[in-house]
Amino acid sequence: MRVMQDSGIPWIGEIPSSWNTIRAKRIFSLVVDPSDNPRKIALENIESHTGRFIQTSSIFDGQGINVKIGDIVYGKLRPYLCKAWLADFECNAVGDFCVFRCSQDVYAGFIHKLFLSPQFASVVNASTYGAKMPRISPNFVLSLILPVPPLNEQITISKFIDSQCVEIDELIAVEEETITELQAYKQSVIAEAVTKGLNPDAPMKDSGIPWIGQIPEHWTVEKAKHIFNLRMTKGNSKTILLSATQDRGMCPQSMLASVVQVAENTDLQIFKTVHKNDFVISLRSFQGGFEISKYEGVCSPAYQVFYNKANINQDYFRILFKSRNFIDHINSLTEGIREGKNIQYASFSYSYLPVPPLDEQKSIAEFIDRKCSEIDSLIEIKQQKIAELKEYKKSLIYEYVTGKKEVPVEAD
C-alpha cells in the first residue's frame, strides 16, 4: 500500500508521497499566437465533461488561437460545463477559449484528465467573473497548484483512465440505444392505437387521409373545425398565468423555474382565456406544441386557444396531437414558415382527424396512458443508470489523477 501525504490543497487532499505539487504555470503555458488555419472550432465542438470533439456544420468567423496537436483547449465561458479537449489535429480556436501547451516534463493526456475532473472544474468555476456570462481568467488557471506524479506514472494513469472510460462509454451507449428503442416503441404504440384502435380484428377502411391511413370501418374522419372552436376571449376569474410545456401541457408559470416570469404589475386580464381541458397551440407547433390545459387561467396573446364543441374525450385528442404522424402533418402545413412560429388555427381547422366512438376514445386514451407510463418507467430506470455511470466516470478520473487509487499492476 502506498504512503500518502497531505497535498495542502483542499480540493486535492492526500496524494502519494512520491508525487509533487507544482504550480500550473511551471508545467504548461498559455498560447496566444493568432491563427490563420481555415479549420476553425468553437465551444459547440467540445462535449461537456467528456472532452470529446463534436463535428458540426457551423461556420465560425474571426481569427482565433493557433492550436497544435497535444494542446489543451479549454472553454473559459461557463467553466462548470467542463469543456476541455486534448487537440488531436491542428486548428484555429475561435471565441471563448484558453489554449494551454504542456512542457516536456508532463504528459498532456494526464493534465487533460485533471481538467476534466469535477473538483478542478468546481475550483475554476468559483473564480469566474461576470454574472450573465461567467468567464475564467487564464491567469487563475496558471496560478493553481496541481498534483504531478512522475512522468511514467502520468502516462500509465492517463492510458488506464482512457481504457476505463471507453468501457463506461460503451455501457452508456447501450443504455442510450435502449432508450431510443423504447421511445420509438412508445411512439408506435401511440400511432397504432390512435388511428387503428385496440381491436386488431376490426374491419378496416381507407380514411382517404394520407397521414391517418387505414382506420376501423365504424370510425369517421372529421375536419377539426367541426370538432373544435377557437376561443377569442381574454382574462379569467382565475388569474393564473399558464405556460406551454412539452411533457405536462399547460402549467402555471410559477411551477416552471426555467420560464422568464412576467412583472408583478402585469395586467393578466389582457391575456387569453384558458379553461380546463382547452387546447393551446404554442410557439413550438413544429415540435408538436398542441398542449392541453388541466388548469384554469390565462396564457400569452401569442398562443392560440381552442376548445371542443363536439362531445369528445379530451385525453384521446391530447394523445393524438402528440403522435408523430400528426406532428409531421402539422409540420407540412408550416412549410416555409420560420422555425418557432406557431401554425394558425385556421390552417389546423381544415385538417382531418380520426374520430372513434366516444367510448373507444376513452378506452384508447386509458390504454395509451397506462402503456406509456410503463414505458416511461423503463426509460427512467435507464436514465438513472446512465447518470450513475457518468458520475462513476467523473469519480474515477478524480481518484486516479489525485492518486487516491493506484492503477492495477495488470493494467500497467
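## The second largest pocket

H4 provides the largest share of the lining of the second largest pocket, namely six residues. In this predicted model, the pocket has a volume of about 380 Å³, and among the 21 residues that line it, Thr50, Gly51, His112, Lys113 and Asp162 are the closest to its centre. At least two lining residues come from each of strand S8 (84-86), H1, H4 and H8, and when the lining is divided by class, it has nine nonpolar, six polar and six charged residues.

## The largest pocket

The largest pocket has a volume of about 720 Å³, and it is lined by 25 residues, of which Lys186, Ile190, Gln246, Asp247 and Lys322 lie nearest its centre. Two or more lining residues are given by each of H4, strand S20 (290-292), helix H5 (314-320), helix H6 (324-333) and H8.

Here the largest share, seven residues, belongs to H8, while the lining as a whole divides into eight nonpolar, eight polar and nine charged residues.

In soluble globular proteins, nonpolar side chains tend to be buried together. The largest nonpolar core in this model holds 48 residues, and those that touch the most other members are Phe28, Ile111, Phe115, Phe120 and Leu146. Among the elements that give two or more residues to this core are helix H1 (108-116), helix H2 (118-125), helix H4 (151-196) and helix H8 (358-401).

Beyond its neighbours within four places in sequence, Phe28 is in contact with several residues, including Phe100, Cys102, Ile111, Phe115, Val141 and Leu146. A second, separate core of 33 residues includes Leu320, Val355, Ala365 and Ile368.

Technical notes. Residues are numbered from 1 along each chain as its sequence is written. This is a predicted model: local features need pLDDT of at least 70, side-chain atom pairs count only at pLDDT 80 or more; totals for chains, interfaces and linings use all residues. Side-chain values use heavy atoms; hydrogens and water are left out. A nonpolar core is a set of buried Ala, Val, Leu, Ile, Met, Phe, Trp, Tyr and Cys residues joined through side-chain atoms within 4.5 Å. Buried means under 20% relative accessible area, exposed over 50%, partly exposed in between (1.4 Å probe, protein chains only). Helices (H or I, at least four residues) and strands (E, at least two) are DSSP runs, numbered from the N terminus. Contact means heavy atoms within 4.5 Å. On a 1 Å grid over the protein atoms alone, a cavity is a set of points where a 1.4 Å probe fits but cannot get out, and a pocket is an open set with protein on both sides within 12 Å along at least five of seven lines; lining residues have an atom within 4 Å of a point. Grid points are joined across faces, edges and corners, and a volume is the space filled by probe spheres set on the points. Ala, Val, Leu, Ile, Met, Phe, Trp, Tyr, Cys and Pro count as nonpolar, Asp, Glu, Lys and Arg as charged, and the others, Gly among them, as polar.
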